Amino acid sequence: MAKKIYEACRRLLTTCANCQPDENILIVTDTDSLEIGMALWDAAEEFPKKTMVMMEPRKMHGEEPTPLVAAAMLKADVIFRATKFSLSHSHARRDACAAGARDLNCCDYSIEMLEKGGLYTDFEADRKYVDQLLKSMADGDQVHITSEAGTDYYASIKGHKLFPQYGMVRNPGETCSPPGYRDGFRRDARHRPRQDRR
């Protein structure tokens, strides 16, 4: 395995999921994402209680996994979902988290995304940026996002609960989608979302 791919998978296992040697680690994959699943498997070499299950790809996001995969998810301490389509909104994922699993969505990852980009950010340092955004949105009813490319997007957040996403899970029942974007954060002011308080 290439060094960068191994490093990215190690970051998922340690920084993002805080996996411990005595934990039941489950890698859920499908035939379209097996290369990513195998990279995670190979990087998890010192975790003796790791298991990988593979199924046929789902046809859409949120579709339930097979009953056997769902049963395995219920027994896991940590779940990595390296699948073509996301299982985030499935009952299987919700039930696994309710049972105490820490869950990481690695849906639609590519090898290129393991070689460079968002997985190489400093997740702990970036918590403060997430918290700043959360604080700025907490008092507002509407967000307004613009960009130099022409984006001019408004959305109501009135009455919605805000859930910060740090790209890490530390507590039972938490779920996250570690960043898989290619270019990482751009922190200059021109690329920060702006929130209008109305």
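Modeller: Before we start, a cut-off we'll need: buried means under 20% relative accessible area, exposed means over 50%, and partly exposed is in between. Keep in mind that this is a predicted model.

Colleague: Okay, so is Glu46 buried, exposed or partly exposed?

Modeller: Glu46 sits in the loop between helix H2 (34–43) and S2. Its relative accessible area is 37%. That value lies between the 20% and 50% cut-offs, so Glu46 is partly exposed.

Colleague: Which residue forms a salt bridge with Glu46?

Modeller: The partner is in helix H1 (residues 3–16), 36 residues apart from Glu46, so the pair links distant parts of the chain. With the closest N and O atoms 2.8 Å apart, the residue bridging to Glu46 is Arg10.

Colleague: How many salt bridges does a search of the whole structure find?

Modeller: Arg10 with Glu46 is one of them, and Lys116 with Glu112 is another, at 3.9 Å between the closest N and O atoms. Both Lys116, at 45%, and Glu112, at 33%, are partly exposed. Searching the whole structure gives a total of six.

Colleague: What is the N to O distance for Arg170 and Glu124?

Modeller: That pair also links distant parts of the chain: Arg170 is in the loop between S6 and strand S7 (175–176), while Glu124 is in helix H6 (residues 123–138). Relative accessibility is 31% for Arg170 and 46% for Glu124, so each counts as partly exposed. Their side chains meet in a salt bridge, N to O, at 3.8 Å.

Colleague: Moving on to the helices, are H3 and H4 roughly parallel or roughly antiparallel?

Modeller: Helix H3 (residues 67–74) packs with helix H4 (residues 91–98) at about 20 degrees, their axes 8 Å apart. The crossing is right-handed. Angles under 35 degrees fall in one class, which makes H3 and H4 roughly parallel.

Colleague: Which residues form the nonpolar patch on the surface?

Modeller: One member, Met54, is found in strand S2 (residues 50–55). Met54 is partly exposed, with 48% relative accessible area. Together the patch has about 240 Å² of accessible area, and its residues are Leu34, Met38 and Met54.

Colleague: Last one: how far apart are the C-alpha atoms of Ala149 and Pro164?

Modeller: Ala149 lies in the loop between strand S5 (142–146) and strand S6 (152–156). At 78% relative accessible area, Ala149 is exposed. Pro164 is 15 residues away along the chain, and the C-alpha separation is 26 Å.

Definitions and conventions. Residues are numbered from 1 along each chain as its sequence is written. This is a predicted model: local features need pLDDT of at least 70, side-chain atom pairs count only at pLDDT 80 or more; totals for chains, interfaces and linings use all residues. Side-chain values use heavy atoms; hydrogens and water are left out. Patches are made of residues with over 30% relative accessible area and no salt bridge: like charges are joined within 9 Å, nonpolar side chains (Val, Leu, Ile, Met, Phe, Trp, Tyr) within 5 Å. Accessible areas come from the Shrake-Rupley method with a 1.4 Å probe; for residues, only the protein chains shown count as cover. A salt bridge is a side-chain nitrogen of Lys or Arg within 4 Å of a carboxyl oxygen of Asp or Glu. Helices (H or I, at least four residues) and strands (E, at least two) are DSSP runs, numbered from the N terminus. Buried means under 20% relative accessible area, exposed over 50%, partly exposed in between (1.4 Å probe, protein chains only). Axes are lines fitted to C-alpha atoms, for helices over the stretch in contact, and angles run from 0 to 180 degrees between N-to-C directions. Angles under 35 degrees count as roughly parallel, over 145 as roughly antiparallel, 65 to 115 as roughly perpendicular and the rest as oblique. A crossing is left-handed if the near helix is turned anticlockwise from the far one by less than a right angle, and right-handed if clockwise.
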